[in-house]
Amino acid sequence: IGGDGSLNGAQALASQGVPVVGVPGSIDNDIYGTDMAIGVDTALNTIVDAIDKLRDTASSHNRAFLVETMGRHSGYLAVQAGIVTGAEIVLIPEMPTSVEDVAKVIDDSYRRGKTHAIVVVAEGFTPQTTELAAQINAMDVGFTTRVTILGHIQRGGKPSGFDRMLASRLGFKAVDFLLHGQTGMMTGLNGREIEPVPFSLVVSRKRPLPTEYLNMARTLAQ
């Protein structure tokens, strides 16, 4: 059960004749062959809860909060969180954005009379969140900028109902595959069905971030 490292290890075992089935578990949700991995929904709910709480302080003190989520190479969590929390802008490693563009979004929010601004930043975005905040604070954007790095709290806590059901389904199917002599594959959620996905496909590709999510985040923030 795991992401790149675990599934590459599973493939190595399978190549030596060991009966093995992998189960996707990664909050980045970038594992090829499954619509969702275990842990993604719980991590997202943790981020949403944190941003909802930060919004109270941001509004009462007229701040712009840069909230850093996990995602060194994948902006999935950041984009999802940005959409459901109504963030002004989402910054991800897959799509470079200039500091000037970020500052303009924050300044536009201030000029429109908003009491605060929320910027969701995936940890893999460049420049790093603290450096980005310092550069924005050096500009006249109306709001004073603050940084909150959520860190590893995103990887813990009580699993959501969705994650519990997904883990149960994926694990049940993994054992079922093994009992029927199927090996060298991962259990993947495809729509509503759990299907076998060969390790050769899983480890050779990455699940891309759907561009429609990023477009949605930008549109809803306007």
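Predicted model: local features only at pLDDT ≥ 70, side-chain atom pairs only at ≥ 80, totals over all residues.
Residues are numbered from 1 along each chain as its sequence is written, and side-chain values use heavy atoms, with hydrogens and water left out.

Let me start with the helices, which, like the strands, are DSSP runs numbered from the N terminus (helices are H or I with at least four residues, strands are E with at least two). Helix H3, residues 76–85, and helix H8, residues 211–221, have axes that come within 9 Å and cross at roughly 35 degrees, where axes are lines fitted to C-alpha atoms, for helices over the stretch in contact, and angles run from 0 to 180 degrees between N-to-C directions. On the H3 side we find Tyr76, Val79, Gln80 and Ile83, and these meet Tyr213, Leu214, Met216, Ala217 and Leu220 of H8, contact meaning heavy atoms within 4.5 Å.

Is serine 74 buried or exposed? With a relative accessible area of 7%, serine 74 is buried, a word used for under 20%, with exposed meaning over 50% and partly exposed in between (1.4 Å probe, protein chains only). A polar atom of the serine 74 side chain lies 3.1 Å from the backbone oxygen of aspartate 28, and the backbone nitrogen of tyrosine 76 lies 3.3 Å from a polar atom of that side chain. Setting aside neighbours within four places in sequence, serine 74 also touches residues including Pro93, Glu94 and Ala122.

Turning to the sheet, we have an open arrangement of 3 strands in the order S1-S6-S7, with mixed pairing, where two strands pair if DSSP finds at least two bridges between them. S1 runs parallel to strand S6, residues 185–190, over 2 bridges, and glycine 22 has methionine 186 as its bridge partner in S6. Helix H6, residues 161–179, packs on this sheet and touches S1, S6 and S7, its direction making about 140 degrees with that of S6.

Finally, aspartate 107 belongs to helix H4, residues 99–111, and is buried at a relative accessible area of 14%. Beyond its neighbours within four places in sequence, aspartate 107 is in contact with Asp140, Val141 and Gly142.

Definitions and conventions:
Polar contact = N/O pair within 3.5 Å; in protein donor to acceptor, adjacent residues only side chain to side chain.
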